[in-house]
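Here is a short tour for anyone opening this model for the first time. Keep the sequence and the 3D view side by side as you read.

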Amino acid sequence: MPAQTISRAEVAKHNTEDSLWCIIDHRVYDLTDFVDAHPGGAVVLTQVAGKDATTDFYNLHRQEVLEKYREQLCIGTIEGEKPEVIEPQVGALSPVPYAEPLWLRPEFKSPYYKESHHRLQKAMREFTDKYITPEAQEKEQDGTYISQELIDRMAETNILAMRLGPGKHLHGRSILGGVIDGKEFDYLHDMIVTQEMVRANARGFQDGNMAGMAISLTAVQQWLHNQELKERVTSEVLSGQKKMCLAITEAFAGSDVAGLKTTAEKTPDGKFYIVNGTKKWITNGMFADYFVTGCRTEKGFSVLLIPRGEGVETKQIKTSYSTAAATAFVQFENVKVPVGNLLGEEHKGFIVIMSNFNHERFMMAGAVVRMCMTIVEECLKWCNQRIVFGKKLIEQPAIRQKLARMISLTESNQAWLESVAYQMCNMSYAEQAVHLGGPIGLLKSHATRAAQEIADYSTNIFGGRGLTQSGMGKVVEMFHRTYKFDAILGGTEEILADLGVRQAMKKFPKSML
């Protein structure tokens, strides 16, 4: 920041287009050469020439705009005064109420978290702020895929390995320079990784950032019997050399997995499967080297690990979010796959997919709940700076009612999420499959229903800015446009709500009839 101090009287003299100064948060900005370049036009700037424009500025702009232009335009500070606005720092927690989970607020305590959770959260936030967010924002706009540089960085720090959840694959690994031992990594750590990464606020890139690997390599780890192949693929993917995705959904079957039409027929010698069919809306399919694929076999449903090669073709699908997600239509035409690439048992692949869904849905619930928290923060900040009818928005009772509902939904979902994570920490993979499919399904369904309400309220609070892909409301616009991905991917709300009730009824005591 410039060391020069300037009086308010001096600023008032510079009130023409030929010499245009103004004050924003006690700092003085010389906008003379910026007038013609101002995205909002010259007239707006001439209206605040020589004046304190703090209220007007924050009524229209995000703090990051000042940060972008400060070095170029700021010429000093008002004598005897200091800036008041808190500027975001890399890795810092937000001081805005309800902007962070309860366990991260200094005045509160939680029975779930240990020191290792706090260390991991801090390291993940710093990594996200420094490396993921800048690339996420760039890729979200231009629609290109994740860089190999970022993949390599996440591989080196073992962020890729953490995305699979707890397990032996983390043992002996140095995580983010040693902030946590891989052996102590649990599902609360897992949740932290997910929730910190989504703070990049780029829903398409969020899925483009190896989401396909996170929901497919897990199945390979649990169900592939070919040990040599499992170790090789795991090494290739977690080192960033290869990429993979989960290929289940088809035009004929989404949540109805039993309706799949892709076929896998054994060759007469029994050594290979010949796969034919198509898959649709496959996240990361455009750049995947491996496809964990659901197929119909002679007596049921089976899951195969299919490498990209002859007979495998992918075409880009454009959806409501950015093509950075690499969403694909995949075609398998007479693809020859060794029988050793079978996951689980032949004709019994349904259990492979269903058990794998638990972790996917857990991660998705964690992500959408954290995004809701970000939207709450955005709305609280906006309501404290936007002036309407001579008052701040926060002074309007109708607005406070909306905020209260948004906060209540977000806080309750975060509490439910942490409760589920704690149960996962104390159950084996098999026990989770038996006991948590329903609760996780209900949590995800409820979280995305809440997201819809929060998206609606937040867009109304921001008005036209909530429909604009830049400026003050850009995060709200992105959320309103993309929250439905969480409501549909990994199983629709209706299917998961029904799953939760059906699983509960299986345990309904007969003595209560």
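Where does Met-210 lie? Met-210 sits in the loop between helix H9 (203–208) and helix H10 (211–214).

## Ground rules

This is a predicted model, where local features need pLDDT of at least 70, side-chain atom pairs count only at pLDDT 80 or more, and totals for chains, interfaces and linings use all residues. Residues are numbered from 1 along each chain as its sequence is written, and side-chain values use heavy atoms, with hydrogens and water left out.

## The whole chain

The protein chain has 18 helices and 17 strands. Those are DSSP runs numbered from the N terminus: helices are H or I with at least four residues, strands are E with at least two. Along its principal axes, the C-alpha trace spans about 90 × 60 × 45 Å.

How does that fit with a compact globule? With 513 residues, such a globule would have a radius of gyration near 24 Å, and the 26 Å of the protein chain agrees with that. The radius is taken over C-alpha atoms, and the globule rule is 2.2 Å times the number of residues to the power 0.38.

Of the 513 residues, 52% count as buried. Buried means under 20% relative accessible area, exposed means over 50%, and partly exposed is in between (1.4 Å probe, protein chains only). The accessible surface of the chain comes to about 23,200 Å², and carbon and sulfur atoms hold 53% of it. These areas come from the Shrake-Rupley method with a 1.4 Å probe; for residues, only the protein chains shown count as cover.

As for contacts (heavy atoms within 4.5 Å), look at those with a separation of 6 or more: residues 24 or more positions apart account for 74% of them. The chain has 58 positive and 62 negative charges, and their mean positions are 6 Å apart. Lys and Arg count as positive, Asp and Glu as negative, while His and the chain ends are not counted. Each charge is placed at NZ of Lys, CZ of Arg, CG of Asp or CD of Glu.

In soluble globular proteins, nonpolar side chains tend to be buried together. A nonpolar core here is a set of buried Ala, Val, Leu, Ile, Met, Phe, Trp, Tyr and Cys residues joined through side-chain atoms within 4.5 Å. The largest one has 74 residues, and the members touching the most others are Leu-120, Met-162, Leu-176, Met-213, Met-244 and Leu-305. Apart from it lies another core of 33 residues, among them Val-96, Met-406, Ile-461 and Tyr-483.

Take Leu-120: leaving aside neighbours within four places in sequence, its contacts include Met-162, Leu-176, Phe-185 and His-189. Tyr-483, from the other core, lies in helix H17 (residues 474–488) and is buried, with a relative accessible area of 9%. Beyond four places in sequence, Tyr-483 touches Thr-448, Ala-451, Gln-452 and Ala-455.

## Along helix H5

Helix H5 covers residues 115–142, and Ser-116 is in it. Ser-116 counts as buried because its relative accessibility is 3%. Not counting residues up to four places away, Ser-116 touches Ile-180, Glu-184 and His-189.

Gln-121 is also in helix H5, and it is buried with a relative accessible area of 4%. Its partners beyond four places in sequence are Leu-93, Trp-103, Leu-104, Ile-192 and Glu-196.

Most residues other than glycine have a negative phi. Back to Met-210, then: its phi is near 65 degrees, a positive value, and this residue is buried, with a relative accessible area of 3%. Asn-284 has a positive phi too, near 70 degrees. Asn-284 is found in the loop between strand S10 (272–282) and strand S11 (290–297), buried with a relative accessible area of 0%.

## Two more stops

Is His-435 buried or partly exposed? At 35% relative accessibility, His-435 counts as partly exposed. You'll find it in helix H15 (residues 429–435), in contact with Met-427, Gln-503 and Lys-507 once neighbours within four places are left aside.

Thr-32 is in the loop between strand S4 (27–30) and helix H2 (42–46). Thr-32 and Thr-16 are 16 residues apart in sequence and 8.4 Å apart in space, C-alpha to C-alpha.
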